[in-house]
Amino acid sequence: MKANQRILDRLKYLNLELPSVTLPGGTYVSVNVRNNIAYVAIQFPILENSFFYQGVLGDEISTQDGILAMQMCALNVLSQIKDKVGFDSIEGLNHIDVYYRSSEQWDDSPIVADGASELFLNVLEEKGKHTRAIFGVQNLPRNFCVGLTATFTTKSINKYEDKIL
């Protein structure tokens with residue numbers, strides 16, 4: 001079974017749907033492939049051009065909602081990969097960077113980051129194993145509570161090498 005169908009079947013089994021691809025919010029591209037590495041620009045909790053989970057973790061946004069926000073970001077990452085590179089061209093997920101905004105007393109960032117990590121592992125299985133870094137930041141665009149970037153290794157296909165997508 002091709003990777004594309006396997007991943008789509010996993011999404012269906014997990015009752016998950018890929019959202020429509022979001023557009024960059026500035027002068028950059030959503031996915032940039034260089035030497036078999038696909039860099040996915042920061043994804044936010046956006047669904048069908050609507051913004052979700054705006055606020056500060058530990059204040060307006062609960063830890064549980066932060067997990068849901070991070071899952072939405074991860075689904076947007078997968079949507080970008082499917083659209084720009086194709087699941088059949090992916091060797092695996094390498095690394096994710098998680099960005100979050102929180103109140104001073106809130107300290108559940110690893111739990112929120114697991115929202116993305118677990119989704120990637122559940123959907124991509126072995127190809128979803130990755131490293132990660134978590135960054136607390138003062139601000140994110142549109143007052144989002146979280147954001148997520150990712151890098152994937154792609155199969156060696158000349159069509160995708162050094163291509164800005």
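How far is the sulfur of Cys145 from the closest cysteine sulfur? I find it 7.6 Å from the sulfur of Cys73, which is too far for a bond, given that a disulfide is a pair of cysteine sulfur atoms within 2.5 Å. By this rule I count zero disulfides.

Before going on I note that this is a predicted model, in which local features need pLDDT of at least 70 and side-chain atom pairs count only at pLDDT 80 or more, while totals for chains, interfaces and linings use all residues. Residues are numbered from 1 along each chain as its sequence is written, and side-chain values use heavy atoms, with hydrogens and water left out.

I then checked burial (buried is under 20% relative accessible area, with a 1.4 Å probe and protein chains only). Cys73 is buried at a relative accessible area of 0%, and Cys145 is likewise buried at 0%.

Strand E1 (residues 31-34) runs antiparallel to strand E2 (residues 37-43), and four bridges join them; strands pair if DSSP finds at least two bridges between them. Arg34 stands opposite Ile37 in E2, and Asn35, in the hairpin with two residues between the strands, takes a positive phi near 45°. In E1, Val31 and Val33 form the covered face, whereas Asn32 and Arg34 form the uncovered one.

Last, I noted that helix H2 (residues 63-84) is followed by Gly86, whose phi is positive, near 95°.

How values were computed:
Buried < 20%, exposed > 50% of the residue type's maximum accessible area, 1.4 Å probe, protein only.
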